[in-house]
Amino acid sequence: MVYNELLRTCYAFFVVVLFLCYNVRCELHPVVNTPLGQIRGYHMKTRSGKTISAFTSIPFALPPLGNLRFKAPVPIEPWSKELDATKAIPLCIQRNPYIRQKEIVGQEDCLYLNVYTPFTSNDLLEISKPLPVMLFLHGGGWMCGDSSTTMYGPELLLDHDVILVTTNYRLGPLGFLSTRDEHCPGNNGLKDQQEALRFIQKTIESFGGNKSSVTIFGESAGGASAHYHMLSKTSAGLYHRAISESGTAMVPWAEQAPGEAERNAYLLGEFVGCQSDDSNSLIECLRIKDSYDLINTEYRFYEWDYEPMTPFKAVVEPDLPGAFLTKQVRDIKDEIYPVPWLTGLTDSEGCLKSVWITSNETRFQEFMNKFSTIAPVTFYYNSVSKKERITKMIRDTYLNDPDVAAIKQGILDIYTDSYFAYPMVEAVEDVLKHGKSPVYLYELTYRAVNSFSQIFGDPEGNYGVCHADELMHLFPIHFLSKPFSEKDNEVGRVIRTMWTNFAKSGNPNKPVAVSAKWNTASKDFDYMDIGRELTMKKNLASRSRVWGSMPLWFNKHISKDEL
């Protein structure tokens, strides 16, 4: 009798332990079953303390190695064993010119993404209402950047009932080399992003996401990428809303000038011993070169400092199956994909480039003394015949005050207007004229305690709201180490509310109320000034319109005789 009682007690204890162990395993390692296979992740905490599930370093395409180098991504095939998605995502091979990085880092096998969901694995069994999905496309001039949890983690956004996906894509010549023919059409980095979108369509329901509510959003080159997807027929239907922060497809550093792609492809070949007049032979030779050797050539394309900033950009491809872009962006009118678009600027975008120049007296004097030579290179008009005329227009507009402080501010303003503001004006005008969906414009004018100017050349100076400064309100950017003020946190919550509202409804005003109504843009360029308070204003980026009167290669309204 005693023995039987003891046996029953032990059995009951075993069942309880088994039950608890099972649940501890779920707690430590959330598991989802996708159409491609099972994936095991881990748990994180949001800023508010909510437990979420993270699945990192998920492959969405075959490794682009060997014969797959310089080709469009090949979709990942289903797997049979449980996929370990607890590892840190690798970097794509790169070297960061913005911080003057010397070493090359990363690996060529880098087509992975991260998924962050508010649901735990137990929750996933009983999802009644799938959540909207936000796919973030990182910046970095298509030369550097990553989608790591340490850089673009979910701790802030996942307090707002969305699913966050961050993705890698190939960079530099590995992602954007083009011979503009069938041997290497180009735009592979953008096609990687497209493949990530297809992976989302296949699998996101398994994570609790709504595949019919996908918002692409990105900053700088990621913002330009989001706009490029609006212009690409092959991206249509893979997403439903777009946010472009500080970058559009019309920025000069993201669009190849005529002849530039082929010239740089053959120049790359010369740098690594692949001289050839035949594109097929060139690409076959480049495929067998060490990937670090290819990235190591990027600095050799620069003519002054790290100028021109992006040797490898988006291109117009031949009209072949799978082509991402077959027309110049300014020639795409009625084909603009009709999705709600939110786009805008910070008030001092140009500090990305200007701070490195103006905070150092030697570089500042060199820039001013050699302005006639440097300006055509850094402002992307070296290929036009009217260089002297453009240089004079820039001097007269921005550098006509002898005061040194005014000149330094003028340099910042040149970069703001030419790199970001006027391209945004052009892009928005096209969408307003030819698009069929609402556009929401903004300018971030709130200067937080931290700023990206800290890594762009001056750890202490105040240059206004710098390029990329909105990122600290969306992600926990850990290298910005100064303690946030209460107002910083308040403004951040407002920005996250408006961005996630837009992801949920296509309208930044709902479903969660904000303190001021954000009106859609009209020909008056109505925009939300995101300062200490929210205020609607008109005529965003009006100063930059002078760039529309310059004889630049892409200003189509200017006669060819003037170019």
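In this predicted model, strand E9 and strand E10 (residues 241-245) run parallel and are joined by five bridges. One place to look at the pairing is glutamate 219, whose bridge partner in E10 is glutamate 245. E9 also pairs with strand E7 (residues 131-137), again in the parallel sense, and here six bridges do the joining. On that side, leucine 137 stands opposite glycine 218 in E9. As background, the strands of a sheet pair through backbone hydrogen bonds, either parallel or antiparallel.

E9 itself is mostly covered, with eight of its eleven residues buried. With a relative accessible area of 0%, threonine 215 falls under the 20% cut-off and so counts as buried. Setting aside neighbours within four places in sequence, threonine 215 is in contact with Val133, Met134 and Leu135, with Arg241, Ala242 and Ile243, and with Ala503.

Strand E2 (residues 37-40) pairs with E5 in the parallel sense, over two bridges. Arginine 40 stands opposite aspartate 84 in E5.

Moving along from E5, the loop between strand E5 (83-84) and strand E6 (112-117) is where cysteine 110 is placed. Cysteine 110 has a relative accessibility of 1%, which is why it counts as buried. Once residues up to four places away in sequence are left out, cysteine 110 touches Pro90, Leu91, Cys92, Asn168 and Arg170. Asparagine 489 is another matter: cysteine 110 and asparagine 489 are 34 Å apart in space, C-alpha to C-alpha, and 379 residues apart in sequence.

Serine 279 makes another stop on the tour, and its place is in helix H7 (residues 279-287). Its relative accessible area is 8%, so serine 279 is buried too. Apart from neighbours within four places in sequence, the contacts of serine 279 are Thr179, Asp181, His183 and Tyr266.

Now to the aromatic rings. A pair of them is described by the distance of the centres and the angle of the planes. Searching the whole structure turns up 30 aromatic pairs. One of these is formed by tyrosine 299 and tyrosine 302, a tilted pair at 5.4 Å centre to centre with 35° between the planes. Tyrosine 299 counts as partly exposed because its relative accessibility is 30%, whereas tyrosine 302, at 12%, counts as buried. Phenylalanine 379 and tyrosine 415 form another tilted pair, with 4.7 Å between centres and 50° between the planes. This pair links distant parts of the chain, as its members are 36 residues apart: phenylalanine 379 is in the loop between helix H11 (371-378) and helix H12 (387-398), and tyrosine 415 is in helix H13 (residues 404-434). Both phenylalanine 379 and tyrosine 415 are buried.

That pair is also part of a bigger picture. Ring pairs link Phe379 and Tyr415 with Trp253, Tyr380, Tyr419, Phe420 and Trp547 into a cluster.

The charged end of lysine 408 sits over the ring of phenylalanine 364, at 5.0 Å from the ring centre. In a second case, the charged end of arginine 545 sits over the ring of phenylalanine 525, 5.0 Å from its centre.

Key
Residues are numbered from 1 along each chain as its sequence is written. This is a predicted model: local features need pLDDT of at least 70, side-chain atom pairs count only at pLDDT 80 or more; totals for chains, interfaces and linings use all residues. Side-chain values use heavy atoms; hydrogens and water are left out. Helices (H or I, at least four residues) and strands (E, at least two) are DSSP runs, numbered from the N terminus. Buried means under 20% relative accessible area, exposed over 50%, partly exposed in between (1.4 Å probe, protein chains only). Contact means heavy atoms within 4.5 Å. Rings of Phe, Tyr and Trp (its six-membered ring) pair if their centres lie within 6.5 Å; planes under 30 degrees apart count as stacked, over 60 as edge-to-face and the rest as tilted. A charge sits over a ring if NZ of Lys or CZ of Arg is within 6 Å of the ring centre and within 35 degrees of the ring normal. Two strands pair if DSSP finds at least two bridges between them.
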